[in-house]
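User: I would like a close look at a single part of this model, followed by an account of its other features.

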Amino acid sequence: MAKITAFIFDLDGVITDTAEYHYLAWKQLADEEHIAFTRQDNDQLRGVSRRESLNRMLKGHPIDETTAQAWMERKNNYYLQHLKSITPNDCLPGIKSFLADARAAGLKIAVGSASKNAYEVLTRLEIIDLFEAVGDGYVVKNSKPAPDLFVWVAGRLGVHTEEAVVFEDAEAGVEAALNGGFHVVGIGHADVTRAHLVLREGLAQITAQDILTQLQRAT
Ligand code: BG6
Ligand code: MG
């Protein structure tokens with residue numbers, strides 16, 4: 001196994017839990033447009049781009065391109081209103097000490113998020129300066145499950161994909177990392193079982209060295 005030199009973190013669901021805000025924003029749009037949309041529907045949107053989220057929310061309901069653009073902008077405006085309430089206390093449990101621990105262990109750390117709001121969220125959490133690279137929803141054309149975003153981040157860090165571990169809470173993100181040849185740690189309760197290591201309770205009770213040891217055993 002190649003020496004691991006970098007950790008790349010998804011943002012929504014790994015560093016902070018913005019899924020509820022995405023849900024509330026899509027729900028507001030869906031209600032206004034009289035489209036049925038439940039929390040279960042929202043689970044299918046985890047990790048996928050804004051455009052693909054809209055497609056899934058519409059469930060085949062046809063709209064033209066101008067309307068699609070307008071609806072995505074509306075949803076994003078609702079989402080931005082919710083983001084205003086994010087503070088540094090909204091990092092998921094243990095994440096700040098895990099990031100500090102990874103850096104102390106000499107690992108490069110970076111973010112790979114499908115969100116076009118990643119800088120806004122990281123700035124509000126007051127952790128943006130910790131990362132050597134941030135890839136967001138603007139940097140590549142093909143979104144997860146294509147590997148392009150994580151490969152772009154690895155390039156910014158100057159590491160090969162097999163030298164990096166991706167932390168993901170979404171099936172599309174796990175697939176993206178596997179497609180890119182990364183090691184993958186699945187976080188939380190969505191379908192992340194194809195990851196090399198699954199941590200249902202997140203990063204609160206584990207050290208960077210534990211991750212490296214467990215991946216060594218698993219791969
Ligand atoms: C991902 C979220 O991180 O970003 C998805 O898990 C979201 O739910 C996607 O749709 C795009 O986010 P944004 O902020 O660009 O609309
Ligand atoms: Mg996520």
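Where is Glu 126 found?

Analyst: Glu 126 is found in the loop between helix H6 (118-125) and strand E3, where helices (H or I, at least four residues) and strands (E, at least two) are DSSP runs numbered from the N terminus. This is a predicted model, in which local features need pLDDT of at least 70 and side-chain atom pairs count only at pLDDT 80 or more, while totals for chains, interfaces and linings use all residues. Residues are numbered from 1 along each chain as its sequence is written, chains are lettered from A and ligands numbered from 1 in the order in which they are written, and side-chain values use heavy atoms, with hydrogens and water left out.

Glu 126 has a positive phi of about 60° although it is not a glycine. Most residues other than glycine have a negative phi, and most peptide bonds are trans. At 62% relative accessibility, Glu 126 counts as exposed (over 50%; buried is under 20% and partly exposed in between, with a 1.4 Å probe and protein chains only). Lys 59, in the loop between H3 and H4, likewise has a positive phi, of about 45°, without being a glycine. As to peptide geometry, the bond from Lys 144 to Pro 145 is cis, with omega near 20°; Pro 145 belongs to the loop between strand E3 (133-135) and helix H7 (148-157).

The C-alpha atoms of Ala 146 and Gly 180 are 8.0 Å apart, although 34 residues separate them along the chain. Gly 180 lies in the loop between H8 and E5 and is buried, at 14% relative accessibility. Strand E5 (residues 183-187) contains His 183, which is buried at 8% relative accessibility. The His 183 side chain reaches the backbone oxygen of Glu 162 at 3.0 Å, a polar contact (N or O atoms within 3.5 Å; within protein, one able to donate a hydrogen and the other to accept it, with sequence neighbours counted only if both atoms are side-chain atoms).

Asp 10 lies in the loop between strand E1 (6-9) and helix H1 (19-32), and Asp 169 in the loop between strand E4 (164-168) and helix H8 (171-179), so the pair ties together parts that are 159 residues apart in sequence. Asp 10 is buried at 5% relative accessibility, and Asp 169 is buried at 2%.

Asp 12 is also among the closest of the 16 residues that surround ligand 1, a group that includes Arg 50 and Lys 116 (a heavy atom within 4 Å). Oxygen atoms of ligand 1 lie 2.6 Å from a polar side-chain atom of Ser 115, 2.7 Å from an N or O atom in the side chain of Asn 117, and 2.8 Å from a polar backbone atom of Val 48. Taken alone, ligand 1 exposes 400 Å², of which the protein buries 96% (Shrake-Rupley method, 1.4 Å probe). Helix H3 (50-58) and helix H4 (65-83) are the elements that give two or more residues to the shell around ligand 1.
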